[in-house]
Amino acid sequence: MTGAPVRTLLLWCPDWPVLAAEIVDGVPATDPVAVLHANRVVACSERARAEGVRRGLRKREAQGRCPQLTAVDHDPGRDARAFEPVVAAVEELVAGVEVVRPGACAVAARGPSRYLGGEEEAAERIVEHVAQTCAVESQVGIADGVFAAGLAARDGRVVPPGGTPGFLADLPVEALGRPALTDLLRRLGVRTLGDFAALPASDVLARFGFDGALAHRLAAGRDHRPLAVRQPPVDLAVTADHDEPLDRVDAAAFAARALAERLHDRLAAHGLACTRLGIEAVTAHGQELHRVWRHDGLLTTAAIADRVRWQLDGWLSGSAGRAGTRPTRPTAGIIRLRLVPDGVIAQAGLQPGLWGEAGEERERAHRALSRVQGILGPEAVVTAVLGGGRSPADQVRLVPWGDERLPARPVPPPWPGRLPPPAPAVVLPDPLAAAVHDAVGDPVAVSARLQVSAEPARLTVGVARPVEIVGWAGPWPVDERWWAPAEARRRARFQVCLADGTALLLVVEAGRWLVEAIYD
């Protein structure tokens, strides 16, 4: 991984999911609005932030801070569809625009800076043109590489050539956008990107793995794209011709899914994966449409199909943007669709998935599990997702197969009071009622000040016979969500070893003893 990063101009539209909800669904972005995904805020309007709403808050907490809050479900397709007029407006001034994600697009800065009079002049011209054409506020950042340009866009800043490492050095490690890595770096005393970049690359790779090594390159101001990215041969592109023009989004999306599978299979046969996707379409009237989507990781079949569907939705829906002055809908249906892997990387050395290499094995497993769901219901096939929390039950969320695997609680917080390792081997779905007595047979109680009335001597679970306690540790208190009376929980936990060799995690709450988990 050598070579200098490309000088990049990135346009960023703040709070884009909120603006997209206004453009598509008519939700006023000037009101307190929050966009929710998995019951958590992923974006909010300026008025909502003024009331204390922040990203990551649960819906109930956000509504508690702002009672008049309007909640909108997150919809990536809506975001992409609304963003298409903005990309088209940028493309009227510059060529080679790449969509990083809905709300952000990037282009090599060299061309615009030369024919628009300089980098700052190009940034001002693009921002003004987007505002006049689409009535959308945006900011432009220019730096060496897409990552640094994205951070520079937050302040509307032009970082001088060669000044990217210095610009990044004082930023907090949270700018990497990797919560688990950020939490670990914080606990190790690494608080800024400059501190992280100063670590030896070999040590970072050995300690944090491949993703940590990529993040280390980002922190140092070097381009995070592997040098194996190259222009693919022409025969990797896939094309589909349609006798009947596609003028409905659902029909186009169905065709796009089959084309995405063909592209993914062709790349897999060559040992390649796509990182940048070109989508080309030709209408019955000869109009040619083209867009490039960039992705930070490797594009799977589903990811390719999603981006093609979003793009076709943006073209065929004919959204005129926020200003409503410039329709973009083609004059006829699409008769040819072509997918071009603009950037590819060799998959050699990547760890295979649980079901083997991406392709047939994984698809077979997905079809089998989906068939089981069709017979027994969506809740019949679940996978475990680890998250944050203080008890084992809080840290695991069972997600139906096919749903997005998001933790019930965010992982980054240190969670003071979290149960120390090793973790229990079995977490009971329903804790078992128990009773703990001292040596003379009196019940053991825990006071409000966490004082144990007597040393635990015997444990009785349900109607079973009492078992002698030969060792115990605790209590460890947990006092959660005291500010919300309906959700508040106050309890104390104990670890006990029994005479028969069993080790248990006990919880006492409101004077009741419960067996929560079993150690191996």
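**Figure 1. Surroundings of Arg 7 in the predicted model.** In this predicted model, the backbone oxygen of Val 159 lies 2.3 Å from a polar atom of the Arg 7 side chain. A polar contact of 3.0 Å also joins the side chain of Arg 7 to that of Asp 144. Arg 7 belongs to strand β1 (residues 7-12) and is buried, with a relative accessible area of 14%. Beyond its neighbours within four places in sequence, Arg 7 is in contact with a set of residues that includes Val 107, Ala 108, Ala 109, Glu 119 and Ile 142. Val 158, Pro 160 and Pro 161 are also among the residues in contact with Arg 7.

**Figure 2. Salt bridge between Asp 25 and Arg 78.** A search of the whole structure finds 22 salt bridges. In one of them, Asp 25 is paired with Arg 78, and the closest N and O atoms are 3.1 Å apart. Asp 25 lies in helix α1 (residues 16-25) and Arg 78 in helix α4 (residues 76-91), so the pair ties together parts that are 53 residues apart in sequence. Asp 25 is partly exposed, with a relative accessible area of 48%, whereas Arg 78 is buried at 4%.

**Figure 3. Salt bridge between Arg 178 and Asp 211.** The side chains of Arg 178 and Asp 211 meet in a salt bridge with an N to O distance of 2.9 Å. This pair links distant parts of the chain, 33 residues apart: Arg 178 is in the loop between α8 (164-169) and α9 (179-187), and Asp 211 is in helix α11 (residues 201-219). Arg 178 is partly exposed, with a relative accessibility of 22%; Asp 211 is partly exposed as well, at 40%.

Figure 4. Asp 306 forms a salt bridge with Arg 309, with 3.1 Å between the closest N and O atoms. The two residues are 3 residues apart in helix α13 (residues 301-317), and therefore about one helical turn separates them. Asp 306 is partly exposed at a relative accessible area of 27%, and Arg 309 is partly exposed at 33%. Elsewhere, salt bridges that share partners join Arg 7, Glu 119 and Asp 144 into one network.

**Figure 5. Aromatic pairs.** The structure holds 5 aromatic pairs. In the pair of Phe 196 and Phe 208, the ring centres are 6.2 Å apart and the planes stand at 85°, so the arrangement is edge-to-face. Phe 196 lies in helix α10 (residues 193-197) and Phe 208 in helix α11, so the pair ties together parts 12 residues apart in sequence. Phe 196 is buried at 0% relative accessibility, and Phe 208 is buried at 18%. Phe 494 and Trp 513 form a tilted pair, with 5.1 Å from centre to centre and 45° between the planes. This pair links distant parts of the chain, 19 residues apart, with Phe 494 in strand β17 and Trp 513 in strand β19 (residues 512-519). Phe 494 and Trp 513 are buried. Ring pairs link Trp 472, Phe 494 and Trp 513 into a cluster.

**Figure 6. Barrel of strands β14 to β19.** In the order β14-β15-β16-β17-β18-β19, 6 strands close into a barrel with antiparallel pairing. From one strand to the next, the twist averages 40°. Strand β16 (residues 467-480) runs antiparallel to strand β17 (residues 489-498), and 9 bridges join them. Gln 495 in β17 is the bridge partner of Ala 473.

How values were computed. Residues numbered from 1 in each chain as written. Predicted model: local features only at pLDDT ≥ 70, side-chain atom pairs only at ≥ 80, totals over all residues. Heavy atoms only, no water. Pairing = 2+ DSSP bridges. Helix = DSSP H or I, 4+ residues; strand = E, 2+ residues; numbered from the N terminus. Axes fitted to C-alpha atoms, helices over the stretch in contact; angles between N-to-C directions. Buried < 20%, exposed > 50% of the residue type's maximum accessible area, 1.4 Å probe, protein only. Polar contact = N/O pair within 3.5 Å; in protein donor to acceptor, adjacent residues only side chain to side chain. Contact = heavy atoms within 4.5 Å. Salt bridge = Lys/Arg side-chain N within 4 Å of Asp/Glu carboxyl O. Phe/Tyr/Trp six-rings, centres within 6.5 Å; stacked < 30°, edge-to-face > 60°.
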